[in-house]
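Reader: I am new to reading protein models. Can we go through the next one together, term by term?

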Amino acid sequence: MKVATWNVNSIKARLPNVLTWLAGAGPDVVLLQETKTVDDAFPRLEIEDLGYNLAVHGQRSYNGVAILSKQPIEDIQAGLPGNAADEQARYLEATIAGIRFASIYLPNGNPAPGPKYDYKLDWMVHLLSRAETLLATETPIVLAGDYNVIPTDDDVHDAAAWHGDALIRPETRALFRRLLHLGYSDAFRVLNATPHRYSFWDYQGGAWQKDQGIRIDHLLLSPQAVDRLTAADIDQEPRGKAKASDHTPVWIELATA
DNA sequence: ATGACTCGCAACGCGAGA
């Protein structure tokens with residue numbers, strides 16, 4: 001089973017690119033972020049025509065997450081459990097083929113420090129709690145999305161240039177490490193030790209052409225999921241296309257149980 | 001270097017993104 005996560009930066013603006021990538025890469029499950037549309041306006045038909053079922057959790061203009069799957073989608077949970085006061089559409093959970101998936105759009109948190117950074121850290125604490133609850137099921141779990149976290153200095157072109165940013169601050173990194181310490185694995189790093197592989201390149205300053213990026217899109221796997229991991233990589237091709245998202249898909253392959 | 005980011009909104013620039 002091929003599973004991918006992709007922050008598309010508007011599903012409507014990105015629809016041709018997304019359809020092309022789905023048809024070519026053929027993922028079984030896709031976790032999307034920053035769909036930027038209300039559910040009624042989500043371009044379902046074009047995606048369903050490629051053989052996908054959909055679960056969507058969006059809002060007007062900002063945020064928004066979705067799950068695409070060739071197999072049926074069950075037990076859909078919109079919103080991060082235990083964080084009912086959150087009005088932003090950043091979390092969608094569902095079961096596919098016995099695996100629990102979450103599509104996560106973790107808050108950016110800039111400027112930091114400040115209320116937006118406080119919101120990010122609070123959101124991460126709630127995610128930690130949910131991740132711990134799910135782990136107790138001792139089943140395959142895939143928590144994937146745009147974490148807005150640069151885990152280590154190997155995951156950024158120039159750590160000094162990002163000093164003080166919400167994506168790299170010590171408090172941000174410490175909370176991300178706590179997810180790992182619960183027992184989740186960063187799927188990309190399980191199979192790829194190569195430093196300076198990125199999933200995001202800013203639109204500005206020729207960042208893509210100069211390969212000045214950051215790795216912030218992650219698939220975190222429970223022990224029962226990582227035991228089935230056979231491949232993991234970043235597909236840079238969509239980032240080089242016309243009208244590209246600033247993020248590119250990160251994908252894994254899980255062996256059939 | 002004399003300069004080129006993109007999205008939704010319903011605006012004719014702004015806020016947000018990272």
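Reader: What covers the buried residues of α4?

Author: The cover includes α3 (115-135) and β12 (217-221). This is a predicted model, where local features need pLDDT of at least 70, side-chain atom pairs count only at pLDDT 80 or more, and totals for chains, interfaces and linings use all residues. Residues are numbered from 1 along each chain as its sequence is written, and chains are lettered from A and ligands numbered from 1 in the order in which they are written.

Reader: What makes α4 a helix, and which residues of α4 are buried?

Author: Helices (H or I, at least four residues) and strands (E, at least two) are DSSP runs, numbered from the N terminus. Helix α4 covers residues 170-182 and has 13 residues. Its buried residues are T172, L175, F176 and L179. Buried means 20 or more other C-beta atoms within 10 Å of a residue's own; exposed means 12 or fewer; partly exposed is in between; C-beta atoms are placed from the backbone.

Reader: How do you know that the buried residues line one face of α4?

Author: Look down the axis of α4. Its buried residues fall within an arc of 100°, so they line one face. The arc is that of the directions from the helix axis to the C-beta atoms. On the other side of α4, P170, A174 and H181 are exposed.

Reader: What comes after α4?

Author: G183 follows α4, and its phi is positive, near 135°.

Reader: Why is A97 called partly exposed?

Author: A97 has 18 C-beta neighbours inside 10 Å, so it counts as partly exposed. A97 sits in the loop between β6 (91-96) and β7. A97 is not a glycine, yet its phi is positive, about 50°.

Reader: What makes H196 partly exposed?

Author: H196 has 14 other C-beta atoms within 10 Å, so H196 is partly exposed. Its phi is also positive, near 60°, and H196 is not a glycine. H196 lies in the loop between α5 (187-191) and β10 (200-201).

Reader: Why do those phi values deserve a remark?

Author: Most residues other than glycine have a negative phi, and most peptide bonds are trans.

Note on methods:
Expected span 1.5 Å × (residues − 1). Contact = placed C-beta atoms within 7 Å.
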